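Please look at the following chain. Some questions and answers about its fold and one of its residues come after it.

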Amino acid sequence: MSTFDIGSLLENARELDRLRKEQEEVILEINKIHKKLQATPELIEKSGDNVLLRLRDLYFQAKDLSENELNVSNVLIAQLDGLMQSGLSAAQRKKIGSEQKKKRLKADSDNARHSPAISMRQLENLANLKGEQVAARVTPDDAEKDEWFVVKVIHFDREAKEFEVLDEEPGDDEESGQRKYKLPMTRIIPFPKRDDPSTGHDFPPGRHVLAVYPGTTALYKATVVPPHRKRTDDYLLEFDDDEEDGSLPQRNVPIHKVVPLPEGHRQ
């Protein structure tokens, strides 16, 4: 690759860093407004639409910066592919590729922590889960199997987008009694409302779901079997690995204890 091409690559790398820093500033401003509105909801009434318009403009700005970052990243990827086929030494290619990988991993991590994609209404709905029972995956991402349990929401941290939950019925090996967890949003699934069947999911026969096994607080993969339930009926399910006498028994599970099967579920 020519000196001119290398210079262009470095210039694009600097532009990528600039875009990311500007995104961080915009996201910080969005979080400040969210925090202020949470502390003083009456601010909306006092300021009219000014605060909401400012928040809307910041979201548009964050969206534009994100799209620009994607465009510059694609250019850099193409330039790096050219480097791999150029006359640079293996050591030089390895150094540049390593630096770009570190920047990409850092950006992914930052975006996961500070993503502005979730709306204030969604945050409010999540905060309203306090005191409610939800399905929670308590095992880490690198665990061999996913373990889901019914837990009670104690608190939702809007800034960290993290739940604090309580396992009210731990296993026999829990010497300390009830156990608390701090879990990201991705490990929480709200249940349908017990007193509002219309909030239940309409899973057809053959659909794989995650459901509370009767008599326990653990959730396992199961399959919906006919007859198809009515709106106020239980689901009829066959749980995986629940074999009895060479066949899977069919078990009734209330609709408020059945949720969609998470993508990539390991059991």
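Q: What percentage of the 267 residues of the chain count as buried?
A: Buried means under 20% relative accessible area with a 1.4 Å probe and protein chains only; exposed is over 50%, and partly exposed lies in between. The model is predicted, local features need pLDDT of at least 70, side-chain atom pairs count only at pLDDT 80 or more, and totals for chains, interfaces and linings use all residues. Residues are numbered from 1 along each chain as its sequence is written, and side-chain values use heavy atoms, with hydrogens and water left out. Of the 267 residues, the share that counts as buried is 33%.

Q: What is the mean pLDDT of the chain?
A: pLDDT is the predictor's confidence in each residue, from 0 to 100. In this chain, 76% of the residues reach 70 or more, and the mean is 80.

Q: Which helix holds S73?
A: Helices are DSSP runs of H or I with at least four residues, strands are runs of E with at least two, and both are numbered from the N terminus. The chain has 5 helices and 10 strands. S73 falls within residues 50-84, which form helix α3.

Q: Why does S73 count as buried?
A: The cut-off for buried is under 20%. S73 counts as buried because its relative accessibility is 17%.

Q: Which residues does S73 touch, not counting those up to four places away in sequence?
A: A contact means heavy atoms within 4.5 Å. Within that excluded range, the side chain of S73 reaches the backbone oxygen of E69 at 2.8 Å. Not counting residues up to four places away, S73 touches L16 and R20.

Note on methods
A polar contact is a pair of N or O atoms within 3.5 Å; within protein, one must be able to donate a hydrogen and the other to accept it, and residues adjacent in sequence count only if both atoms are side-chain atoms.
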